[in-house]
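This briefing is meant to be read alongside the sequence and the coordinates.

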Amino acid sequence: MNFSELFKLSGLLGRFSPDGKCLASCVQHRLVVRDASSLQIRQLYTCLDQIQYIEWSSDSLFVLCAMYKRGIVQVWSLEQPDWHCKIDEGSAGLVASCWSPDGRHILNTTEFHLRITVWSLCTKSVSYIKYPKACQQGVAFTRDGRYMAVAERRDCKDFISIFVCRNWQLLRHFDTETQDLFGIEWAPNGCVLAAWDTCLEYKVLLYSLDGRLLSSYRAYEWPLGIKSIAWSPSSQFLAIGSFDEKVRILNHVTWKKITELDHPATIASKKTIVYKEVEKSPTVDTERLSFPPTRALASSLFSTKSKYDISQVPVSLQYIKPVADRANPKVGVGMLAFSADNCFLATKNDNIPNAVWIWDIRKLKLSVVLEQLCTIQSFQWDPCQPRLAVCTGSSRVYLWSPAGCVVVQVPGEGDFQITSLSWNSNGDSMLLLSKDNFCVCYLETEEV
Amino acid sequence: MGDWKTVTVPVLSPDSKNTLPYTSERKRSPTSMSSQVLRVSLPSSKNMHSFFGAFCTEENIEQSISYIDRELTTLGFPSIYAESRGKELNLISIINCMNGLLVLQHKNLRAQEEVEMQHLKLGSDMDHLQNCYAKLKEQLELSKREVVGLQERDRQLQSKNRNLHQLLKNEKDEVQKLQNIISSRATQYNHDMKRKEREYNKLKERLHQLVMNKKDKKLAMEVLNYVGRADGKRGAWRTDKTEARNEEEMYKVLLSDYEQRQKQLLLENAELKKVLQQMKKDIISLLPPQKQKPKERSEDGLVLSDQEEDIGELNKENMWELSCETVREQLTNSIRKQWRILKNHVEKLDNQVSRGHSGVLNEKDVISRADHELETEKLELEIQQCKEMIKTQQQLLQQQLTCDDDDTTLLLQDCYLLEERERLQEEWRLFREQKKNFEKERKSFTEAAIRLGLERKAFEEDRGAWLKHQFLTMTADCKSENVTTPSAFLRSSDPDVCLVKSASRQKKTPSVLSPTVSPEPCQIAQYITQNSIASEKPAAHNMPNLCVESDDKEETEECTKSWEDSGVGTLLCRNLLMEQLP
């Protein structure tokens, strides 16, 4: 495993291009595009203001940089460095910006969610979508990029509009039986749309592409409901994480619950492996100490190392009692993700913040629990194989695969607190992001 | 025991006649009864004497007699006068009367005793009952208190329960109220939310108008040049045609998705069918050994025929491709049937296995089943007999119980039994002692007998030696003189040699003999003289055996003398001798 040196970064804005060849990162006004493997700078663009958001177009040819404060979006081309495009939303303001799947349209959401403006880079045409709903996940594209679903709110009722992305024509428009629609998500096959209600009510609605209600699911009535949702890559399963610390998995044939995955604070099952991260003080080899000590050696001396130990079940995990009188309590399953091969599901229960739960979907059983020293900040599956990368806000990155798990210390001096990570689409490198820096981690291929 | 008899017998004889029916009724030995009578009568006789002394004097003897006569006649005894008018007393009648009176007296005394005993018993019973009564009273008091306590507790609990019920009701009311409040608040909240949202929407609309309507110079896109579409096509106009095409495309997407899903399902189905087919084949291949059995039973005939049909069907491979409903039904039915057969088979196998575990035992059981039945029959018969016996016994017991239901008699009986038992034990002890004595005597006697035997042997030897010596001397001194004792020579020519031998032997072992042996040589002379005289008489008979017997008698006479000194009865000695003789 190799690590690049640390590069400067602002606002956690570092992205691999969808084709995995380039890497865009922002430092204040500047957008830096590097080669993903050599990390040599390919292009350098300067924006009008501090960049708040960047996004690659699907064909990896354009990068949009949004500056919400100024209400402008700037688009840069990799092929034509002198090509430029600036979109100004004017007095309407800007809160969100994104590419359409074809990479030729930009959707800007104005302040107060007055409308979504669809700017085309091919023609001068501008389209508007009125009444978009201000919610967590109000716009969703199918994976094949053909259709877009938009959550709308009119007359105190929720609606969903399905557009054809090619010409922004409205295909379907239907109301949903929700109190306050909170999010929508297409199944990877693009034929089923999951819509879920606000956390006050546990409700998932499943719509067909043609607007038919396929099914609705309610696990319980009064307590706080859904916190997170994830489709399996095969569209076979829909995992629903909720505030009751459980994940429920629905199947795609009957849309009924297959199983309920509980997240107890004590793991008693003998079939579950619990990896516990433990700190170990570095052993100093006095003979190899040189004077003056090299910087790397010094830093390694003062930084504690850690490794994984296999805990003997039963294990009780660190549990945070949620504060009841606060909004958005830190309880329930807030993060969940399927591995690319559908075999594993990684979850995080927010009131056991140091643990990642990895479930075997074939057996529908808890397979592994990773108990970290610090709070889990982010985890992401390798897009090519069942391999999970976890970061906890420390300078270590944790990798799990069915073969086992490792702790990797990011070399280098200084404090590098990894708060986010993202895999390259080809799965052989990983971007590690901290507040001010980023580095790229290259993983050896399996043959070596 | 002997002592008892001698004392009691004279007293008993007149009494026993009267007491006999009474005692026989109780199944009591006459001896024990008589002893009872004897004891009771002794103290009472004294009282009688004193009483009579005061009553009759020299002067009023006539009156007394007449008075007694009267009294006796009133009591139902015959008159004591010889004749009805005469003044002469009939002594026999008097004695009979006396006896009668005495018997009466005894009876009365006994009755009195019984009554006293009963009284005592009743008194103790009374005490006991009073104690019981007191205890029970206490218990009653205690339980009453307990009951009161429990009632109090019950009352408290009930009141508590009532309170709790009240609380529960209150809580329920509270919950209801709260629910109402929540729901009202929720509706209020929703209403307010809607109102706010409407306002917000209005504001948004207004803002929209304001922002959008105004020719916003800033709202613009600056592009160096428009780029081509990713697919390289030109953008199409929005028309109805495109709309229709969109619809079409959407359905195409959906259709393709469904098609894909159907393909998956078909694949899955095919695989499952393959598995099913395989299973069916396996089942059929498993079943043939089973086939023979169902044929025997008429019920399974149908199933079997079906099964055969199914096998036929199975051969038509294309049947599997017909996934229409009728075929499906057939398929499921056939599978079900086969499955049932298989299940039966497996169950049977299981049974066999379980039987196999205890196979040897079971076989034994099978063999002895007939025996078992026989045995059970026998046992049943026996039980019947036993039952009958028990019944008769019960009846007898019942009868006995009904016969002497009188409690006092039972008690008395018990007393008698106890006494008798004690007496018997005493006797037994005595007997034991005697027996021990006898044993001791017998031992000493046997010892003496052995000793005597030895002595006799020695004596015989000596005599032999002496005779020999004398003979030798006689022959040596004057051969003509020897005429007086020819029989002795005739008799003891052979045993003499033995005697010499034994004498020499005796000399070697003097310690074996008792100390009385040592003075023997002195006595021997005497014996010899006696014997020589005695032996001359039987010698005429020429019977050596008799001679020995006579010797024995002499010895025993001696023994008896010594035993008489130790004070043991001759009879026993004789007995012992009798034993010793053979």
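How many salt bridges does the count come to over all chains? The count comes to 31 salt bridges over all chains, and since this is a predicted model, that figure and the values below are computed from predicted coordinates.

**Salt bridges**

- Side chains of opposite charge can pair when their charged atoms come close.
- A:E277 and A:R396 are joined through their side chains by a salt bridge, with an N to O distance of 3.4 Å; the pair links distant parts of the chain, with A:E277 in strand β28 (residues 273-280) of chain A and A:R396 in strand β37 (residues 396-401) of chain A, 119 residues apart.
- Both A:E277 and A:R396 are buried.
- A salt bridge also connects A:D309 with A:K307, where the closest N and O atoms are 3.4 Å apart; A:D309 is partly exposed at a relative accessible area of 32%, and A:K307 is partly exposed at 36%.
- In chain B, the side chains of B:R429 and B:E426 form a salt bridge of 3.2 Å, N to O.
- Because B:R429 and B:E426 are three residues apart in helix α11 of chain B, about one helical turn separates them.
- B:R429 is partly exposed, with a relative accessible area of 45%, and B:E426 counts as partly exposed at 43% relative accessibility.
- Salt bridges that share partners also join A:K133, A:R153, A:D158, A:D180 and B:E197 into one network.

**Chain A as a whole**

- The secondary structure of chain A consists of one helix and 41 strands, and of the 448 residues in this chain, 56% are buried.
- When contacts in chain A between residues at least 6 apart in sequence are considered, 45% of them join residues at least 24 apart.
- The accessible surface of chain A is about 19400 Å², and carbon and sulfur atoms account for 50% of this area.

**A positive patch on chain B**

- B:R432, B:K435, B:K436 and B:K440 gather on the surface in a patch of positive charge.

**A buried strand residue**

- Is A:T117 buried or exposed? With a relative accessible area of 0%, A:T117 is buried, and this residue belongs to strand β13 (residues 115-120) of chain A.
- Apart from neighbours within four places in sequence, A:T117 is in contact with A:E89, A:I106, A:L107, A:N108, A:T110, A:V126, A:S127 and A:Y128.
- A:T117 and A:E89 are 28 residues apart along the chain, and their C-alpha atoms are separated by 8.7 Å.

**Backbone geometry in loops**

- A:V313 and A:P314 are joined by a cis peptide bond with omega of about 0 degrees, and A:P314 lies in the loop between β29 (305-311) and β30 (315-316) of chain A.
- A:Y131, a residue other than glycine, has a positive phi near 55 degrees; A:Y131 is placed in the loop between β14 (126-130) and β15 (139-141) of chain A and counts as partly exposed at 27% relative accessibility.
- For A:L364, likewise a residue other than glycine, phi is positive and near 55 degrees; A:L364 sits in the loop between β33 (355-360) and β34 (365-371) of chain A and is partly exposed, with a relative accessible area of 28%.

Notes:
Residues numbered from 1 in each chain as written. Chains lettered and ligands numbered in written order. Predicted model: local features only at pLDDT ≥ 70, side-chain atom pairs only at ≥ 80, totals over all residues. Heavy atoms only, no water. Patch = residues over 30% accessible without salt bridge, like charges linked within 9 Å, V, L, I, M, F, W, Y side chains within 5 Å. Areas by Shrake-Rupley, 256 points an atom, 1.4 Å probe, with all protein chains shown as cover. Salt bridge = Lys/Arg side-chain N within 4 Å of Asp/Glu carboxyl O. Lys, Arg positive; Asp, Glu negative; His and termini not counted. Charge placed at Lys NZ, Arg CZ, Asp CG, Glu CD. Helix = DSSP H or I, 4+ residues; strand = E, 2+ residues; numbered from the N terminus. Buried < 20%, exposed > 50% of the residue type's maximum accessible area, 1.4 Å probe, protein only. Contact = heavy atoms within 4.5 Å.
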